Number of protein chains: 2
Amino acid sequence: MTDSFSNKRDVNELGEFGLIDHLTKEFTTNNPSTILGIGDDAAVIDQGDHLTVISTDMLVEGIHFDMMYTPLKHLGYKSVVVNLSDIYAMNAVPEQITYSLAISNRFSVDALEELYAGIFEACKMYNIDLVGGDTTSSPKGMTISVTAVGKTTKEKIAYRGGAKPGDILCVTGNLGAAYLGLQMLEREKQIYLSNPGIQPDFENQDYVIGRMLKPEAGKAAIEYFDKVNMKPTSMIDISDGLASDLFHICKQSGVGAYVEEGKVPMHPDTETLALKFNLDPITCALNGGEDYELLFTIAEKDLEKVKFMPGVFLIGEIIQASDGIKLHTTGGNIHDIKAQGWNHFDADEDKAAKQN
Amino acid sequence: MTDSFSNKRDVNELGEFGLIDHLTKEFTTNNPSTILGIGDDAAVIDQGDHLTVISTDMLVEGIHFDMMYTPLKHLGYKSVVVNLSDIYAMNAVPEQITYSLAISNRFSVDALEELYAGIFEACKMYNIDLVGGDTTSSPKGMTISVTAVGKTTKEKIAYRGGAKPGDILCVTGNLGAAYLGLQMLEREKQIYLSNPGIQPDFENQDYVIGRMLKPEAGKAAIEYFDKVNMKPTSMIDISDGLASDLFHICKQSGVGAYVEEGKVPMHPDTETLALKFNLDPITCALNGGEDYELLFTIAEKDLEKVKFMPGVFLIGEIIQASDGIKLHTTGGNIHDIKAQGWNHFDADEDKAAKQN
């Protein structure tokens, strides 16, 4: 019978993104309507007078979410929002989603109603139509796959690869909060597991936990760009952390960048908690992930337009590729920024190799 | 912590399609571009001068495929083809897919290369561009989610709901073969499990096993409709079995139908094997599933055009809803056709509730 269990080369040898590159290297795109395939936040399809952008995410119980501390309504909401985030990151407006679900018989109708209540809330909040999906049983756990479809134009679309030296690096909101939220939830889980009688103590941690369990996507930013008639030279959503996602922009744009530590926005609760957990706050902001803020670059000429953009922070600048990707610390030092979480592909790992 | 494990109402109470209807009953579609949401083979999005159709499928190891007898290359091929089948069933041309994968560390790079070789073959055969996806780890097993995107026009699109009394019921090829292929593979698996020394005996069963492991989608039929400038009044792909899929057409068109037993096409190997397994051949054709032939209805005026369609079989007629859904047996009797496999949602069950 078939030999699918052979353990010749481990996927860890190639790393997450190396694996995708390796497996898809023979694939070419042949249909004239395909403008962009693998390699950005979303694929791009030419519809004549406009573009369709398509993004898809898979969320696996035990890898991306933990049922111990993830209310199903929040899970439903977040699973939609993280996909919409990829569409907004193309400077496009999401309009439809398909929602597929594999569930074991552990889940009751009541549990699924909670999940769908969250999906419903997200669809209402972002004006999205649920247009299809596939619901099936699973031998174990829950797996979610969401595909989002959005619309934009050739003039508006923002890729990862358009940043140029001299461009200003911007982010739509504070970073590291979701990561600290996750640390809080994991800590309370461990306490609960060792003593189920103790009630979780989430006092004053509403903000960071909210950022983890119920993130929002960059709708307001895209609407602002449209209103002031400008577009970013490059854009990506921060799902893996500022460092990792900045690397994507730099690699695909063929540029370097520097980030000024003192300008990286952090919520006071994030900073306080980071110190409480003996973590360096800037490390949480750089490598935390799951914040779903938009990281984008603008040409200097658009600076006046972005200055008054609500919630935006200017955190650095694009430089020559040969100058690297650097952090200018508040202490006056310059460090290399390393993209963490790239070369792991363990079953325990909560990072995924995202192709678009 | 959260109460997602409560077992209040079991999903089996509602049945597969009942569950989807129940969970999505509050959802409405609000974007003007959304023409059709849940309820057909694919969702339909208005692009101005043409339509985009989108379909998605989720395939779970241990539910939809068994690694004991499914070569990964075949799995890659089939996972693409079953999605394209849904696009063809809308009388549309598939152009792009996204491919998402959750895999445990049991799978080596070599195993994934095999899977992607199959995906590559399917993309080449059907002229499809792989434009994205998401690859992540899984605590256990493999889950695949494929989304296919196709193109058609308002004039050409074929829904499930357009059949009218007097229309002729047609199918693009023989039925029941994939089901017998599955029976063969399951039998050999049991023999292998009880005595791994015995080599599988698949002599003369190439055809049925091929239909199970490497099905093809209805590209030729859609090209023929285009060539002779006609469109079916309704269409669906046969994934759950002729009976179940005919029920979808009848329900959504508000009609009844009769099928003439003697006209239902079966391959000689299917009939021989059915008898060997003590199964009624017509039952295999009606309820077998996974054949991925297209079931469609045509107006009587188009009969001349369809008569010369390669591989097509005229198997019955659409009648009034009040006359029911009937089988006219070769013995001259009339039986009700029952749609089997609708009301199960067990983890062991290899049927899924497909929303589009």
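# Crossing helices, a paired dimer and a sheet

Q: Is the crossing of H4(B) and H8(B) left-handed or right-handed, and what decides this?
A: The crossing of H4(B) and H8(B) is left-handed in this predicted model. The name applies because the near helix is turned anticlockwise from the far one by less than a right angle.

Q: Which residues make the contact of H4(B) with H8(B)?
A: From H4(B) come Ala177(B), Leu180(B) and Met184(B). From H8(B) come Thr270(B), Leu273(B) and Ala274(B).

Q: What classes of residue does the contact of H4(B) with H8(B) have?
A: Five are nonpolar, one is polar and none is charged.

Q: How do you know what kind of axis relates chain A and chain B?
A: Superpose chain A on chain B. The rotation is 180 degrees, with 0.0 Å of shift along its axis, and the RMSD is 0.0 Å. That is the relation of a two-fold axis.

Q: What shows whether the copies meet through the same surface?
A: Compare the interface residues. 100% of those of chain A are also interface residues in chain B, so the copies meet through the same surface.

Q: How many residues of chain A are in contact with chain B?
A: 91 residues of chain A are in contact with 91 residues of chain B. Helix H3 (residues 109-126) of chain A gives the largest share of chain A's side, eight residues. That side of chain A divides into 37 nonpolar, 37 polar and 17 charged residues.

Q: What makes E9 and E14 of chain A the edge strands?
A: Follow the strand order. The open sheet has seven strands, in the order E9-E11-E8-E12-E10-E13-E14 (chain A), and the pairing is mixed. Strand E9 (234-237) and strand E14 (334-336) of chain A each pair on one side only. Neighbouring strands of this sheet are turned by 25 degrees against each other on average, direction ignored.

Q: How do you know that E9(A) and E11(A) pair?
A: Count bridges. Pairing needs at least two bridges between the strands. E9(A) and strand E11 (residues 294-298) of chain A have four, in the antiparallel sense, so they count as a pair. Asp237(A) stands opposite Leu294(A) in E11(A).

Key: Residues numbered from 1 in each chain as written. Chains lettered and ligands numbered in written order. Predicted model: local features only at pLDDT ≥ 70, side-chain atom pairs only at ≥ 80, totals over all residues. Helix = DSSP H or I, 4+ residues; strand = E, 2+ residues; numbered from the N terminus. Contact = placed C-beta atoms within 7 Å. Nonpolar A, V, L, I, M, F, W, Y, C, P; charged D, E, K, R; others polar. Least-squares fit on C-alpha atoms with pLDDT ≥ 70 in both. Axes fitted to C-alpha atoms, helices over the stretch in contact; angles between N-to-C directions.
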